[in-house]
Amino acid sequence: MSSRLDLMTLDLFVAVVEERSLAKASERKRIAISAVSRRIADLEQAFDVRLLHRRHNGVEPTPAGLALLAHARGLLRGTQQLEDELHGYATGSQGLIRIHATESAVFGRLPDVLKTFVDAHPLVRIEFQEATSPRVVRAVIENVADIGIYVGDLPTEGLEWFPFHADRLIVVLPRGHRLAARSSVRFAELLDEDFIGQEADSATDLLMRAAARQLGRTPRSRIRVGGFDAACRMVEAGLGIALTAERITAKLAPVMHLHQVELDEAWAVRPHLVCVRDVAALPAAARSLLDHLTACEDALPVVQPAAAD
């Protein structure tokens with residue numbers, strides 16, 4: 001904008017035209033009539049154009065004044081919208097939140113919790129990326145994500161973390177499997193089976209390999225897939241068994257005619273954590289979402305995650 005124009009002068013000009021009077025505009029804007037008159041006169045002098053016809057019963061805009069009126073209203077309206085938007089960012093009612101989370105979080109509590117949040121904050125936008133737990137943590141460390149949701153027991157390198165919810169790993173078996181009639185099974189009983197493996201850096205794969213190492217064994221895995229739904233499809237085809245999140249399998253097992261058997265191991269219950277770089281430095285909208293996530297009714301107390309073996 002030219003230095004010869006300023007928002008206060010434009011606002012005064014609009015008031016003068018709307019009131020058709022310098023005096024009424026000065027009352028409306030609570031500024032001396034002499035100051036109003038001087039600003040309009042300075043504007044006319046700066047552009048060497050008459051903006052108002054001054055008559056005994058008030059003022060009327062000239063053609064140049066009508067042009068200025070239209071642009072001034074647009075500028076003032078845009079400025080007000082900008083102020084409202086910036087206020088929304090400051091208060092958390094508006095903004096962009098970047099979230100990275102695991103597949104199990106997506107199939108678990110997260111969508112329902114996000115729904116209640118966005119219903120209460122309709123101007124907040126969310127960018128979501130699904131990733132394995134180590135990648136979620138890395139994204140937050142590198143400031144690619146504002147909020148990360150991952151499965152616990154990972155080094156977080158100084159991040160702030162909070163409990164979110166817990167899920168359970170279960171065993172998924174194809175139709176007719178020898179263990180299909182069992183209500184529960186120990187992990188040691190599965191180590192002679194072919195597993196449908198998850199990505200090598202996934203929380204499920206890390207847990208399974210650590211548990212097998214404790215038993216002096218190595219899981220057999222001929223096929224690796226990129227998610228629990230793909231693992232279930234491979235099990236359905238008879239290519240092996242899989243450890244999957246219970247909430248995911250509950251949706252897929254009836255459709256794919258899979259058998260679900262409880263995994264009788266303490267490590268089968270997995271805490272999901274929310275992590276951020278620095279709560280105090282989060283944008284207001286992200287802080288509001290963090291509060292909403294950590295107020296989740298099934299959040300569980302957890303211990304400080306330890307470095308992986």
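This is a predicted model: local features need pLDDT of at least 70, side-chain atom pairs count only at pLDDT 80 or more; totals for chains, interfaces and linings use all residues.
Residues are numbered from 1 along each chain as its sequence is written. Local features need pLDDT of at least 70, side-chain atom pairs count only at pLDDT 80 or more, and side-chain values use heavy atoms, without hydrogens or water.

**Cavity.** The structure holds one cavity of 30 Å³ or more. A cavity here is a set of points on a 1 Å grid over the protein atoms alone where a 1.4 Å probe fits but cannot get out; lining residues have an atom within 4 Å of a point. The largest cavity has about 50 Å³ of space, the volume being that filled by probe spheres set on the points. Its lining includes Phe 195, Asp 205, Met 208 and Leu 243. Strand 8 (194-197), helix 8 (203-214) and strand 10 (242-245) each give two or more residues to that lining. Helices (H or I, at least four residues) and strands (E, at least two) are DSSP runs, numbered from the N terminus.

**Helix 9.** In helix 9 (residues 228-236), Phe 228, Ala 231, Cys 232 and Val 235 are buried, meaning under 20% relative accessible area with a 1.4 Å probe, protein chains only. They lie on the same side of the helix because they cover an arc of only 100° around the axis. Gly 238 follows helix 9, with a positive phi near 85°.

**Glu 265.** This residue sits in the loop between strand 11 (259-263) and strand 12 (269-276). Glu 265 counts as buried because its relative accessibility is 14%. Its side chain reaches two partners:

| Partner of the Glu 265 side chain | Distance |
|---|---|
| Arg 186, side chain | 2.9 Å |

Note on methods: On a 1 Å grid over the protein atoms alone, a cavity is a set of points where a 1.4 Å probe fits but cannot get out, and a pocket is an open set with protein on both sides within 12 Å along at least five of seven lines; lining residues have an atom within 4 Å of a point. Buried means under 20% relative accessible area, exposed over 50%, partly exposed in between (1.4 Å probe, protein chains only). The arc is that of the directions from the helix axis to the C-beta atoms. A polar contact is a pair of N or O atoms within 3.5 Å; within protein, one must be able to donate a hydrogen and the other to accept it, and residues adjacent in sequence count only if both atoms are side-chain atoms.
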